[in-house]
Number of protein chains: 2
Amino acid sequence: MAATKDPRPCSIADTLALVGEKYSLLVLREVLLGNGRFDQLVRNTGAPRDVLAARLKRLVEGGILTKRKYSERPQRFEYRATAAGLELDPVLMALMAWGDRHLRTEGDRPMVIEHDCGHELTAVVTCSACGGELRPGDRKPHPQAPGWTVAGPAAA
Amino acid sequence: MAATKDPRPCSIADTLALVGEKYSLLVLREVLLGNGRFDQLVRNTGAPRDVLAARLKRLVEGGILTKRKYSERPQRFEYRATAAGLELDPVLMALMAWGDRHLRTEGDRPMVIEHDCGHELTAVVTCSACGGELRPGDRKPHPQAPGWTVAGPAAA
DNA sequence: CTCTGTGAGTTTGAAAAGCAAACCCTCATC
DNA sequence: GATGAGGGTTTGCTTTTCAAACTCACAGAG
């Protein structure tokens with residue numbers, strides 16, 4: 001039974017517990033750009049080396065990245081995304097789309113991504129069932145966890 | 001000119017600088033569920049009260065939330081999402097979709113969301129231009145920031 | 001063979017952030 | 001007058017973060 005002080009059980013929270021620490025998603029961004037080496041990750045994300053080492057360990061243990069040896073002598077490593085790691089790409093695209101819209105003025109975007117369809121890529125999140133773009137208030141949440149309602153824990 | 005040690009300029013990084021601290025996105029989740037009061041946020045997210053106060057301050061200053069008085073005497077407040085805050089919902093849905101797929105076994109999802117189309121909502125990220133679902137390797141990134149290539153900072 | 005450089009971290013010591021629990025203030029109710 | 005709710009702030013301690021320095025293994029230059 002969940003103690004009354006436990007937070008809401010939630011896949012958002014669980015996912016953030018794995019990749020929500022500072023730098024983790026920036027590391028994944030770089031790996032997906034093909035920059036999987038330690039010193040590249042330090043330079044491009046700005047993470048302190050010890051913190052980066054800790055994040056990489058966690059991401060590997062969490063099944064997001066793998067560590068590959070790309071040179072035997074001297075030993076040299078590189079991090080790559082697993083299939084699960086690749087599937088976090090939509091999260092990055094959603095964050096980027098939001099930042100481009102709200103944190104920048106038109107025309108000063110630091111990175112433009114060209115989609116294979118020929119157009120500039122702007123990510124949009126849709127419902128897999130109907131294909132429609134998600135809009136505020138177009139849904140009803142149903143908590144499944146026992147003892148929880150939308151508002152919070154049921155009668156203590 | 002960007003100093004060589006500056007990290008890559010990036011809207012993902014900028015967005016995370018605003019909402020990427022621990023609890024921030026959980027706070028937003030609760031607010032979007034309609035739970036905008038301080039004590040509800042403490043209970044449902046598990047954030048310590050002082051940390052929550054700091055996060056709320058930052059989210060209000062960042063234009064994600066607003067603080068509304070819902071009772072004059074006694075004075076009582078409630079946090080609500082701004083339009084910009086609402087637009088972060090796709091990020092939450094993408095995180096939730098990933099967690100549901102990778103962190104849970106079929107059938108133990110803590111929250112099911114019913115879309116107005118009548119089906120269960122599963123978020124999928126698509127290209128706004130062609131409507132196709134994003135897939136690994138279906139794009140080419142073009143850094144716009146001077147001094148930066150995909151691999152990192154240009155010639156130091 | 002020594003000197004310098006690169007990759008991939010680890011160590012160190014000080015500063016900042018996180019945490020739980022206790023506390024505070026205003027009102028409302030019993 | 002005591003209790004309780006809401007919305008925080010304060011306190012004292014622990015954990016992280018950070019930047020800089022250090023390590024180790026090897027490679028290539030001189």
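Me: Which residues of helix α1 (residues 11-19) of chain A are buried, and why is the helix called largely enclosed by the rest of the structure?
Reply: Happy to start there: 7 of the 9 residues of α1(A) are buried, so the helix is largely enclosed by the rest of the structure. Buried here means 20 or more other C-beta atoms within 10 Å of a residue's own, with C-beta atoms placed from the backbone. Helices are DSSP runs of H or I with at least four residues, strands are E runs of at least two, and both are numbered from the N terminus. The buried residues are A:S11, A:I12, A:A13, A:T15, A:L16, A:L18 and A:V19.

Me: How should I read the model and its numbering?
Reply: This is a predicted model, in which local features need pLDDT of at least 70, side-chain atom pairs count only at pLDDT 80 or more, and totals for chains, interfaces and linings use all residues. Residues are numbered from 1 along each chain as its sequence is written, while chains are lettered from A and ligands numbered from 1 in the order in which they are written.

Me: What covers the buried residues of α1(A)?
Reply: The cover includes elements of chain A and of chain B. From chain A there is α2 (24-32). From chain B come α2 and α6.

Me: Which element gives the largest share of the side of chain B that touches chain A?
Reply: In all, 77 residues of chain B are in contact with 77 residues of chain A, where contact means C-beta atoms, placed from the backbone, within 7 Å. Elements giving two or more residues to this side of chain B include α1 (11-19), α2 (24-32) and α6 (89-102). The largest share, 12 residues, comes from α6(B).

Me: Which residue in β4(B) stands opposite A:V124?
Reply: Strand β4 (residues 123-127) of chain A is joined to β4(B) by 5 bridges, and the two run antiparallel. Strands pair if DSSP finds at least two bridges between them. Opposite A:V124 stands B:T126.

Me: Is A:G85 buried or exposed?
Reply: A:G85 sits in helix α5 (residues 83-86) of chain A. Its contacts, leaving aside neighbours within four places in sequence, are A:L28, A:I64 and A:L65. Because A:G85 has 23 C-beta neighbours inside 10 Å, it counts as buried.

Me: Which element gives the most to the surface near DNA strand C?
Reply: A residue is near the strand if its C-beta atom, placed from the backbone, lies within 6 Å of it. Of the 18 residues around DNA strand C, A:R37, A:F38, A:R49, A:D50 and B:P74 come nearest. The most, 4 residues, comes from α4(B).

Note on methods:
Buried ≥ 20, exposed ≤ 12 C-beta atoms within 10 Å, placed from the backbone. Contact = placed C-beta atoms within 7 Å.
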